[in-house]
Structures are given as C-alpha cells and as structure tokens.
Amino acid sequence: MPADLKRMYEGILAACGGVDNIATLGCCMTRLRFTVKDEALVHPDALRQVKDVAGYFYSGSQHQLIVGPSTAGKLAAYFNERHAFAPLSATGAEPFIVPAPEQKPTEPAVGDVKENKTAVRKKYSSRLSRACAVIGNIFLPLIPAYIGCGLLLGINNILSKTLLAGDPNTTALLGVFGNGIFFYLSAIVGYNANKEFGGTPALGAAFAGILNMPALANVTLFGAPLVPGKGGVIAVLLVCWAGSWLEKRLRAHIKGSAEMFLTPTLTILVVGLVSLALIQPLAGWLSDVLAVLTQNALKHGGLLAGALLGGTFLPLVMMGIHQSLVPIHQQLVDALGANPLFPILCMAGAGQVGASLAVLFKTRNEKLKTIVKNALPVGLLGIGEPLIYGVTLPLFKPFIGACLGAAVGGAVVAAFHVTSAIPFGVSGVVLFLALSNLHSVIFYGVGFLAAMAAGFAFTWQLGFDDPQDNA
C-alpha cells in the first residue's frame, strides 16, 4: 500500500517544530533529509513514530528519515510544493542552527537508528570519511539512471544469449537504451564534481568534454598521441578538483567586469593544458594499475580475497567510507567491461539478511520481531540501513555473524568469477537482473544463499543478549 504522504508530512512537521523551524530540505534514494533552525524543537521519538518511517538518525547537521526508495523523492516533492524550502548544501555553509541543550549520552536501543549511527560516525569521523561523503554526493544523484540503464543492460546480456539470440536489432536497441547514462557519464560526473568542489558546475562538464574529445586522437604531446577518455572518471574527478581550486582563486584576485570573461577562459586554458600533460596520464596509470591489481587479487587470491572483501564491507558501510569505492566500480567497468568487485561486496547484504533471520527466530521480544520483519524486505532489495543500525549493530553479535556470512558468500562469488554489467546502483536480489551473463546469475545465486545460510548459522551460534520487556 503506498505511503500516505499527507499524513507523513503532518507528522514530520509536528515532530520537528513546525514549518518555520525547517531550514533546508532534500532527499537521497531512500531518505528524507532536512536541517532545522532550533534543534531543541525536534522530537526524535515522535519522528520515529510517524507512520511509514522505517528509521531515523542524525548525521552532521542533518535529520534523516528512512522512508524507502519509492517514497523519498515523492515526500520531498510534497514538502517543496507547499513551502519551497532551500535545498540542502553539501559544501556551503548551512543556515544558522541553534544547538540543542547538551544531554547525557544514552545507551543505544534496538531499532533506534539515531544513537548508533551518530556514535559510529563521530568515532570514525576523519578527513577520509568526509572525502568519501563528497564522492557520495557526486555519484548518488546518478543512482536512478544507473539502476534503469543497468537493469536494461543486464537483462539484454541475458536475452541476447537466450530468447533474443536471433534478433540482433532488438538487442541492439536495448543496448542503446542501457548505455544511455554511460555515454555522457563523464560530463555529468564533471558537472556534479565541480559543483561539489565549489566551482562552476558547467566548467566541470567542459573539463570532462576536454578529456573525452575524440579529436584528441589527432593531437600528439611529448611525441605520443593523446588518448580520449584515458583515466575515466578518476581523471574527471582530479581535473575538476584542480579546476575548481584555480577558479576560486582567480575569482578572488580578478575584480570588476573583467572577472566574468577572464576567470572561465583562464581556468579552461590552464586546467586543460595541465590535465592533458599531467593529470590524465596519471589517472590513466592509476586506472590501469587498479584493474590489474583487482584481476590479480581475484585470480590468485580466489576464496581468500573474496572472503576478505565480502567480510569487511559492512564495517566500511558502518563507518561511512564505502562511498569511496564508487569511482573504482566505474573504473573497473571502463577497463574490464564488467565489474567483478561489486557482486562480492553485495554479499554483505545477504549475510545481514541471514543474521537478521536468526534474530527473528531466536528472539522472544515481540517489538524486535516486528522491527526485523519490517526491515527484511528492503534488506533483500539491497537497502541495508534499517537492518544495520536498527537490528544487527545494536545487538553486536549478529553484526559479527553478518560479516562472517558475507565472507562466505564473497568467497563463493569470487571463486566462480561472478561479474555485474553495471558499476553499482542495485544490489540484493535485484542485482540478478544486472549481472553480466547466465553463469554469473547462477553463481551469484549460490553465493547469496551461502551468505544467508552462513550469516544465519554464525548468528545462531554466537547468540545475542535478547532485549527484555520489549525494550
């Protein structure tokens, strides 16, 4: 049954101090996110009780409500149609916020996302995690297109070898649709990256265009022809970082009307030359090394490499630094034509589902049973936050069981060389539709079941402290 947007809207406003207390508002794939002017007016328990809200947590200055992938965008649009709130700012200063009075820290409760995530992120807060957040802000807006195009590519890969093997025209057309996002991907990444780094977004698209211009093949530099697209999105990110840095300094030193003409012209000219002479060759070398290292690790490391990668992914998610892998996923697809890393990491979700099933069958706490039942369907679809922060991490031992289950699944997937047709975007059972071939579909299924079974078995054996009195 679809979420009641009006009821959610009214409940959220009542719990956060009314419409006048909201400073900025936006959403990601699964969450409504907003900042407020006076933190003392926000009532987290009331936010958690709003119907169709699966979880709540506080990160940085943002209040975040987990409402699911089909509701987040609609709910944000519902709010903005009525009040046109200022958008969330990833890098700029947020409006003045009145801090809430200091409170003594409380023990995290099962099903309570806020305390767990806040404590974890504070503990592991660092320049690395902030850099990962920036990378996430660049790529997260692309996820809907990755999902749509990626699923079409995966389905087409399967159909072209089975039902549509004799129909090249249809498979070619599906291939065109599936590659829609990837054809202009560098320009979109450049636009988002320059915006995130504090430069002019359009200049980021221009930098990406320079790096991918087909005419580069007709130009020689230092005695060698240039290679369009060398370095992929890694080159785009590095060039946009350098370009935004230069642009901001030019704007600070060039005054008057001349700034309008000189800043973008000088930025493109200087950064264009530096990118082709230095940044793109460096990024190309990095991407080549990355592809070779990944192939060698999975070829020679086999079970051990898969187990290590699968088993350590949930802690990376917990610390918020998993987003740093997004450019790596894209680069693997660019270099290898498929992604052997992503299916291994997806075993983390399967291990966690298995661990949560063990909790469901073992606990006598009815509230905990309800929490697990509500979170399991989205967990199977690859949305793991409700299970991580609401179930396994607060109980701790099930989190360990989930990691061990993911290690088993990762070993299986790595051993059978499963690859996905997309860099990232969909996971869980949905990834079955975006794998590279039928072989990958079969053994991804084997790995998924192995991770679930192992996660269940490890958690059952480890046990956990069952909350009493429906706490």
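## Overall fold

Of the contacts in the protein (heavy atoms within 4.5 Å) between residues at least 6 apart in sequence, 73% join residues at least 24 apart. The model is predicted: local features need pLDDT of at least 70, side-chain atom pairs count only at pLDDT 80 or more, and totals for chains, interfaces and linings use all residues. Residues are numbered from 1 along each chain as its sequence is written, and side-chain values use heavy atoms, leaving out hydrogens and water.

The protein has 19 helices and 6 strands. These are DSSP runs numbered from the N terminus: helices are H or I with at least four residues, strands E with at least two. Buried residues (under 20% relative accessible area, 1.4 Å probe, protein chains only) make up 48% of the 471 residues.

## Nonpolar cores

A nonpolar core is a set of buried Ala, Val, Leu, Ile, Met, Phe, Trp, Tyr and Cys residues joined through side-chain atoms within 4.5 Å. The largest has 69 residues. Phe139, Leu185, Val189, Leu431 and Tyr444 have the most contacts inside it. Helix 11 (residues 232-253) gives the most to this core, with 10 residues.

Val189 touches Ile138, Phe139, Leu142, Val233, Val236 and Leu237, leaving aside residues up to four places away in sequence. A second, separate core has 24 residues, including Ala15, Val42, Leu47 and Val53.

## Helices 6 and 7

The axes of helix 6 (residues 143-159) and helix 7 (residues 168-178) come within 8 Å and cross at roughly 155 degrees. Axes are lines fitted to C-alpha atoms over the stretch in contact, with angles from 0 to 180 degrees between N-to-C directions. The two helices are therefore roughly antiparallel (over 145 degrees) to each other.

Helix 6 contributes Cys149, Leu152, Leu153 and Asn156 to the contact; helix 7 contributes Thr171, Leu174, Gly175, Phe177 and Gly178.

Note on methods. Parallel < 35°, antiparallel > 145°, perpendicular 65-115°, else oblique. Buried < 20%, exposed > 50% of the residue type's maximum accessible area, 1.4 Å probe, protein only.
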